[in-house]
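Please have your viewer ready for a short walk through one chain.

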Amino acid sequence: MSVSLLVVDAQRGFSELCPDELPVPSGAAIVPAVNALLALPFARIDATQDWHPPDHRSFVGRADDLYPPHCVAGTPGC
């Protein structure tokens with residue numbers, strides 16, 4: 001049997017390391033567990049990354065007005 005690992009949006013912009021973005025309480029606390037999983041011999045490892053241009057329509061003040069700016073390309077949160 002083949003087993004895969006999918007890491008979804010494990011980014012600074014979703015942690016207390018970037019409090020002005022979209023932090024999940026204690027978000028950085030998952031890093032040791034993710035790193036431990038990455039060290040295992042999975043047949044395949046994939047990861048996603050949330051990435052937005054600075055003028056993304058979902059940001060507060062833009063068309064959809066939903067979220068604070070977060071995971072903007074080229075920033076520490078991304």
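Select α1 to start: this helix gives the most to the lining of the largest pocket, with four residues. Helices (H or I, at least four residues) and strands (E, at least two) are DSSP runs, numbered from the N terminus. You are in a predicted model, where local features need pLDDT of at least 70, side-chain atom pairs count only at pLDDT 80 or more, and totals for chains, interfaces and linings use all residues. Residues are numbered from 1 along each chain as its sequence is written, and side-chain values use heavy atoms, with hydrogens and water left out.

Colour the lining by type, and you get eleven nonpolar, four polar and two charged residues. (Ala, Val, Leu, Ile, Met, Phe, Trp, Tyr, Cys and Pro count as nonpolar, Asp, Glu, Lys and Arg as charged, and the others, Gly among them, as polar.)

Next, zoom out and show the cartoon. Which order do the elements follow from the N terminus on? They run β-α-β. The radius of gyration, taken over C-alpha atoms, is 15 Å, well over the 12 Å that the globule rule (2.2 Å times the number of residues to the power 0.38) gives for 78 residues, so the chain is more spread out than a compact globule.
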